[in-house]
Amino acid sequence: MIRPIDRRTFIVGSAAAGLTLASGPLQRASAADPLKIGFIYVGPVGDFGWTHGHDLGRKAVEAKFGDLVKTTYVENVAEGPDAERVIRKLAVDGNKLIFTSSFGYMEPTLKVAKAFPKVFFEHATGFKTAPNLSVYNSRFYEGRAVVGHLAGSLTKTGKIGYIASVPIPEVVMGINATAIWARKIRPDAEVKVVWINSWYDPGKEGDAAKALIDQGVDIITQHTDSPAPLQIAEQRGMLGVGQASDMKSFAPKAQLTAIVDEWGPYYIERAQAVLDGTWKTSDTWHGLKEGYLSLAPYGDAVPAELRASADAIKAGIIDGSIHPFTGPIKDQKGEVKVADGAKLADGELLGMNWYVEGVSA
Amino acid sequence: MALKIEARRQISTRMLYMTPFIAVFATVVAGFFLFMLLGADPFEALYEFFISPLETKYGLSELGVKAAPLIMIAIGLALGYRANIWNIGAEGQLTLGAVCGGAVALAFWEETGFYILPLMAIAGMAGGAAYAAIPAFLKTKFNVNEILTSLMLTYVATLFLAVLVFGPLKDPMGFNFPQSRMFSDSAILPIIWEETRLHAGFIVALLAAVAVWVLLTRTIIGFQIRTLGSAPAAARYAGFDRTKLTWFCLMLTGALAGLAGTFEVAGPIGQLVPNISPGYGFTAIIVAFLGRLHPLGIIASGLLMALSYMGGENAQINLNLPQAVTGVFQGMLLFFLLASDFLVRYRVRRLKPLVEGA
């Protein structure tokens with residue numbers, strides 16, 4: 001653990017305060033007075049990646065609750081001085097539940113949450129909570145393990161490209177999961193990482209994909225939000241993996257699968273909790289098992305045998321028999337970081353700041 | 001039939017000062033049709049865009065928060081543009097200012113003292129000015145075009161900031177997230193309007209505008225700057241030192257942009273993060289021209305530009321209009337300004353062809 005105060009113990013303490021708050025004015029919510037829910041997005045809803053995934057979640061809430069809710073979103077809000085204003089504006093406008101869907105909104109969300117104790121806030125991928133602020137995230141690394149398996153099996157050059165956004169633990173975790181599982185099949189596989197320092201920048205993402213392919217990479221994976229890298233892979237006759245949403249329409253031949261975020265179930269659950277007056281501060285980190293992420297249908301490039309073995313890994317993760325980070329795991333220097341048979345605990349994953357063997361970042 | 005564009009003999013000064021108003025009016029009219037095409041009630045949309053942000057205390061205060069850095073940067077830029085010195089890299093100077101001011105804040109973390117904020121401001125100005133010194137040096141020594149150097153240095157600055165927040169300035173308790181600690185209270189700008197985010201930086205921006213106005217109109221160096229821009233030959237004949245003026249303008253612009261950067265991290269943000277400015281350094285270029293390169297005009301145009309951002313957000317929230325509307329509005333504003341500027345200076349005449357096919 002990097003952090004001396006365990007965030008989960010902290011949440012237990014603050015949850016009690018959340019309970020008392022929840023029984024406030026929200027119970028008025030009725031058909032005549034819909035629950036207003038606000039969303040703030042870091043990219044455009046048409047990115048076909050991260051933001052698109054969250055917006056599908058928003059639409060799922062609307063479809064589920066109909067007239068009981070009214071949702072609003074603001075897209076393309078830069079992580080910076082503007083975020084607080086937009087979040088506050090949503091709160092002032094009477095939204096009682098506000099989802100802030102990017103890690104850079106953490107401090108602004110916390111500030112606004114303090115100023116609006118009767119509004120419930122939900123921050124994606126962060127770690128700071130408050131009596132009226134929950135955090136939620138998905139175990140993307142579980143999907144990455146399957147992707148690593150596919151990439152390790154299908155790469156001819158043994159070089160797998162990884163277009164990465166910013167080196168926060170969530171991204172590092174994904175790179176490591178890919179490398180570990182690729183090297184189980186292909187022990188000499190190398191995961192080459194290019195950082196673009198942005199979550200959404202189709203131009204840079206595309207350039208990174210080109211550079212990687214020029215360096216001998218034949219499979220492109222990405223932790224950035226646009227389909228640009230996949231499109232490059234398609235053009236160059238390489239393979240790739242979609243991010244956050246099924247991107248098959250952009251790369252019908254190249255896409256092996258995609259890690260598809262499913263925020264709908266969580267958003268529905270939280271909206272229901274507010275409607276019922278049972279909202280509590282929580283720290284949700286679900287994965288394949290709970291259906292918070294899924295893998296898009298395999299592309300034609302994935303042969304039947306490989307589909308079966310990939311499905312077996314997926315099933316193993318879901319039933320708990322497989323943990324993607326099971327030792328022995330060595331770091332880049334070859335030192336054993338996770339002993340044979342040991343599993344990395346959540347706390348260690350959440351602070352991950354080292355790369356496994358086979359990653360060149 | 002052919003069209004010919006020719007310079008007007010006499011340029012009406014009054015028309016020149018009218019152009020920003022014409023541009024705003026034309027933008028509103030074009031916006032009216034734009035909203036109609038987007039399927040929104042144009043009156044309601046224009047109301048959301050231009051009026052609703054001003055209806056609440058919070059909206060007004062946010063206008064100041066957003067306008068403060070725009071005004072401060074545009075004031076500096078305008079000074080340079082008056083002298084034909086084209087600093088396009090205010091965004092980079094802002095970033096360096098934020099880095100230097102922020103580093104001071106972090107060095108005095110959990111300490112209290114009245115001296116911390118002034119120290120941060122000085123560090124921020126020094127950082128911005130030092131960064132602007134690079135294009136100044138290249139321009140005066142090797143005659144390298146400052147448009148290119150200052151613009152390209154912007155990207156270097158952004159990456160430098162990223163290196164710092166991913167490395168030495170990262171919050172040690174922050175789960176490896178690329179951001180610094182939150183600054184202590186002594187490193188946060190005082191709020192000048194209770195229960196809002198409006199900070200002392202807004203006052204400083206207004207004071208800077210007045211100071212630059214005095215500088216331009218009441219001092220010798222201001223006269224030299226104006227001469228250098230409007231009549232370079234005369235300036236040379238009078239023996240004005242072009243090198244010195246280039247340095248002066250770039251350093252002052254850099255210092256103001258750097259101060260704006262420090263105020264952003266010491267004000268609304270409260271920590272160092274990888275993205276400090278949503279393009280203030282570039283938007284300030286529009287602000288400078290919309291304000292006719294006049295310090296007092298810039299205050300008005302800075303507020304107007306800030307309004308366009310907030311109006312865009314309101315239009316998104318209340319009318320479900322796309323965010324791109326904000327960009328389109330700002331683009332139209334600049335377009336109509338340049339167009340009416342052009343028509344004030346030139347006129348279009350119809351010509352009858354003298355020879356077949358001419």
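In which loop of chain A is Phe48(A) found? Phe48(A) is found in the loop between β1 (35–40) and α2 of chain A, where helices (H or I, at least four residues) and strands (E, at least two) are DSSP runs numbered from the N terminus.

## Basis of the model

This is a predicted model, in which local features need pLDDT of at least 70 and side-chain atom pairs count only at pLDDT 80 or more, while totals for chains, interfaces and linings use all residues. Residues are numbered from 1 along each chain as its sequence is written, and chains are lettered from A and ligands numbered from 1 in the order in which they are written.

## Backbone features of chain A

Phe48(A) has a positive phi near 60° although the residue is not glycine. Phe48(A) is also buried, with 23 other C-beta atoms within 10 Å. Burial is defined by C-beta atoms placed from the backbone: a residue is buried if 20 or more others lie within 10 Å of its own, exposed if 12 or fewer, and partly exposed in between.

A cis peptide bond, with omega about 0°, joins Gly327(A) and Pro328(A). Pro328(A) is placed in the loop between α10 (304–319) and β13 (329–330) of chain A. Most residues other than glycine have a negative phi, and most peptide bonds are trans.

## Domains of chain A

Chain A is assigned domain 1 (7–138 + 262–286) and domain 2 (140–253 + 293–360); such bounds come from an automatic or database domain assignment. The C-alpha centres of domain 1 and domain 2 of chain A are 29 Å apart. Their contact takes 14 residues from domain 1 of chain A and 15 residues from domain 2 of chain A, two residues being in contact if their C-beta atoms, placed from the backbone, lie within 7 Å.

On the side of domain 1 of chain A that touches domain 2 of chain A, helix α2 (residues 50–65) of chain A gives the largest share, four residues. That side divides into five nonpolar, seven polar and two charged residues. In this classification Ala, Val, Leu, Ile, Met, Phe, Trp, Tyr, Cys and Pro count as nonpolar, Asp, Glu, Lys and Arg as charged, and the others, Gly among them, as polar.

## Nonpolar cores

The largest nonpolar core has 109 residues, and those with the most contacts inside it are Ile40(A), Ile87(A), Ile175(A), Ala233(A) and Ala271(A). A nonpolar core is a set of buried Ala, Val, Leu, Ile, Met, Phe, Trp, Tyr and Cys residues joined through C-beta atoms within 7 Å. Helix α6 (residues 169–185) of chain A gives the most to this core, nine residues. Domain 1 and domain 2 of chain A both give residues to this core, so it lies between them.

Leaving aside neighbours within four places in sequence, Ile40(A) is in contact with residues including Val74(A), Val77(A), Val86(A), Ile87(A) and Tyr105(A).

## Contact between the chains

The contact takes 31 residues from chain A and 25 residues from chain B. On the side of chain A that touches chain B, β2 (69–74) and α3 (81–92) of chain A each supply at least two residues. The largest share of that side, eight residues, comes from α3(A). By class, that side has 15 nonpolar, seven polar and nine charged residues.

## Helix α5 of chain B

At 1.5 Å a residue, the 27 residues of helix α5 (residues 116–142) of chain B should span 39 Å, and the end C-alpha atoms are 39 Å apart, which agrees; the expected span is 1.5 Å times one less than the number of residues. A kink of about 25° lies at Ala133(B) in α5(B), shortly before the proline Pro135(B). The bend at a residue is the angle between axes fitted to the seven residues ending there and the seven starting there. Asn143(B), whose phi is positive and near 55°, follows α5(B).

## Other sites in chain B

Glu110(B) is placed in the loop between α4 (90–107) and α5 of chain B and is exposed, with 10 other C-beta atoms within 10 Å. Glu110(B) and Ser184(B) are 74 residues apart in sequence and 5.5 Å apart in space, C-alpha to C-alpha.

Ser301(B) lies in helix α12 of chain B and counts as buried, with 27 C-beta neighbours inside 10 Å.
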